[in-house]
Amino acid sequence: MPGYHTKQEQIAVHGVADLVIRSLLDRQQFSDPEGLAERLGISSATWPLFGLLWPSGAHLAARMALRPVTAEKILEIGCGLALASLVGHRRGADVTASDCHPMAGSFLLENLRLNDMAPMKYRQGQWGKAQDADDASAVQGRFDLIMGSDLLYERDSNGDLAGFIEHHANACAEVWIVDPDRGNRPTFNRHMAAQGFERHEERLDSVATAEAAAYKGRMLVYRREAPTTAPLAA
């Protein structure tokens, strides 16, 4: 399509066959001829970020490759190139990828094609915006696992992200967030605790290698158990 240039890379994720991923060539790409991104609040500077492979997304994909495949429903939010969703889908998990960027869905379709994979579910998802309950293109329903990477880049004092998660999380649910030590983590933790989620953190620091740059961050795991029903009085 006009307005940007792409590249293809072979991405190795331990536990699954290598994935061929089409991404944007660099951060200088921008094309919004109909103003779709502008109406969603996506500036020209942030427009290309969805189409790049990020270290936090690679860590999320690696964790997804270790997740036992069950009948659970999984939602990736702010998926970008949806590497973690593609890993789960390739392994047979019931995954829905979602993002607010108007180009994320078409990139996902192309990456599914490049890897000879069956179609998978994709929905529009944006926290902090009113959602039409009848909009079939938007995220609908509730999920057992909600995951995302590098989502805590805004202050979000109103708890919009946690509220979006609450709206789509089952009563008994798990949430994974891979965070490269953003400063907004404590506020998000408080909002999640208010929704009944307990938190576990795991450091994901790694030194630079010939294949990858150094990384500092953590895996945030939030779990909420379904409330127990009190026995009826005799």
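Biologist: Does Asp-150 count as buried, partly exposed or exposed?

Modeller: This is a predicted model, and Asp-150 lies in the loop between β6 (143–149) and α5. A residue is called buried when its relative accessible area is under 20%. Asp-150 has a relative accessibility of 18%, so the term that applies is buried.

Biologist: What term applies to Asp-156?

Modeller: Asp-156 is also found in the loop between β6 and α5. Buried requires a value under 20%, exposed one over 50%, and partly exposed lies in between. At 22% relative accessibility, Asp-156 therefore counts as partly exposed.

Biologist: What is the phi of Asp-150?

Modeller: Most residues other than glycine have a negative phi. Asp-150 is not a glycine, yet its phi is positive, at about 50°.

Biologist: Which strands stand at the edges of the open sheet?

Modeller: The sheet has 7 strands in the order β5-β4-β3-β6-β7-β9-β8, with mixed pairing. Each edge strand has a single partner strand, so one side of it is left without a neighbour in the sheet; these strands are β5 (121–124) and β8 (198–203).

Biologist: Which residue in β9 is the bridge partner of Ile-177?

Modeller: Strand β7 (residues 169–179) and strand β9 (residues 218–224) run antiparallel and are joined by 7 bridges. In β9, the partner of Ile-177 is Leu-220.

Biologist: Where do the buried residues of α6 fall, seen down the axis of the helix?

Modeller: Helix α6 (residues 185–194) lies across β7, β8 and β9. Its buried residues include Arg-185, Phe-188, Asn-189 and Met-192. Seen down the axis of α6, the buried residues fall within an arc of 105°, so they line one face of the helix.

Biologist: Which residues are exposed on the other side of α6?

Modeller: The buried residues of α6 pack against α5 (160–168), β7, β8 and β9. On the other side of the helix, the exposed residues are Arg-190 and Ala-194.

Biologist: How is α2 oriented relative to α3?

Modeller: Two packed helices are described by the angle between their axes and the distance between the axes. The axes of helix α2 (residues 55–64) and helix α3 (residues 83–90) come within 8 Å and cross at roughly 15°. Angles under 35 degrees count as roughly parallel. The orientation of α2 to α3 is therefore roughly parallel.

Biologist: Which residues in α3 are met by residues of α2?

Modeller: The crossing of the two helices, α2 and α3, is right-handed. From α2, Gly-57, Ala-58, Leu-60, Ala-61 and Met-64 take part, and in α3 they meet Leu-83, Ala-84, Val-87 and Gly-88.

Definitions and conventions: Residues are numbered from 1 along each chain as its sequence is written. This is a predicted model: local features need pLDDT of at least 70, side-chain atom pairs count only at pLDDT 80 or more; totals for chains, interfaces and linings use all residues. Side-chain values use heavy atoms; hydrogens and water are left out. Two strands pair if DSSP finds at least two bridges between them. Helices (H or I, at least four residues) and strands (E, at least two) are DSSP runs, numbered from the N terminus. Contact means heavy atoms within 4.5 Å. Axes are lines fitted to C-alpha atoms, for helices over the stretch in contact, and angles run from 0 to 180 degrees between N-to-C directions. Buried means under 20% relative accessible area, exposed over 50%, partly exposed in between (1.4 Å probe, protein chains only). The arc is that of the directions from the helix axis to the C-beta atoms. Angles under 35 degrees count as roughly parallel, over 145 as roughly antiparallel, 65 to 115 as roughly perpendicular and the rest as oblique. A crossing is left-handed if the near helix is turned anticlockwise from the far one by less than a right angle, and right-handed if clockwise.
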